[in-house]
Amino acid sequence: MLSQAPTEIPPALWKLGRLNHVAIATPDLEKSTALYRDVLGAEVSGVEALPEHGVYTVFVKLDNTKLELLHPLGDNSPIQNFLDKNKNGGMHHICIEVNDIQAAMKDLTAQNIRCLSKEPKIGAHGKPVVFLHPKDCAGVLVELEEV
């Protein structure tokens with residue numbers, strides 16, 4: 001007997017993956033980098049400027065994920081706005097991997113989750129990213145990165 005293919009289409013054609021990184025805004029990138037590298041013994045990347053996002057980044061490698069240290073680049077940096085409210089810095093966002101960012105954006109928008117841009121931008125890892133509004137995500141700024 002032949003089995004029939006399912007007639008239902010799954011509700012979402014994209015999949016939420018693993019935690020890619022936790023981003024921490026810092027008013028002093030050198031001091032924060034030294035903390036993780038020299039005091040805690042972590043492997044850290046070099047400083048990378050991302051002018052299209054208004055940030056400098058340093059990645060701290062952990063066994064199960066990464067930390068992304070963020071520092072303002074330019075006058076219109078969203079990180080500067082964050083630091084104006086949080087003088088000592090702090091957790092800025094989490095980044096979760098998805099397999100299809102366009103499908104995720106379409107599905108989430110249909111469920112009234114606001115994306116902070118109409119199209120994905122290229123992120124620090126050279127892959128498409130989009131941020132979701134924290135008011136729609138239990139108070140957390142969520143970045144989705146396509147892998």
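The following dialogue examines how several terms apply to this predicted model.

Student: Why is E97 called buried?

Tutor: Buried means under 20% relative accessible area. E97 has a relative accessible area of 10%, so E97 is buried.

Student: What makes D38 count as exposed?

Tutor: The term exposed requires over 50% relative accessible area. D38 is at 53% relative accessibility and therefore counts as exposed.

Student: What makes R114 and D136 a salt bridge?

Tutor: The cut-off is again 4 Å. Here the N to O value is 2.9 Å, so the pair qualifies. R114 is in the loop between α3 and β7, whereas D136 is in the loop between β8 and β9.

Student: How do you know that the buried residues of α2 line one face of the helix?

Tutor: In α2, I79, F82 and L83 are buried. Seen down the axis of α2, these residues fall within an arc of 95 degrees, so they line one face. An α-helix has 3.6 residues a turn, so residues three or four places apart point the same way.

Student: What covers the buried residues of α2?

Tutor: The covering elements include β1, β4, β5 and β6.

Conventions: Residues are numbered from 1 along each chain as its sequence is written. This is a predicted model: local features need pLDDT of at least 70, side-chain atom pairs count only at pLDDT 80 or more; totals for chains, interfaces and linings use all residues. Side-chain values use heavy atoms; hydrogens and water are left out. Buried means under 20% relative accessible area, exposed over 50%, partly exposed in between (1.4 Å probe, protein chains only). Helices (H or I, at least four residues) and strands (E, at least two) are DSSP runs, numbered from the N terminus. The arc is that of the directions from the helix axis to the C-beta atoms. Contact means heavy atoms within 4.5 Å. A salt bridge is a side-chain nitrogen of Lys or Arg within 4 Å of a carboxyl oxygen of Asp or Glu.
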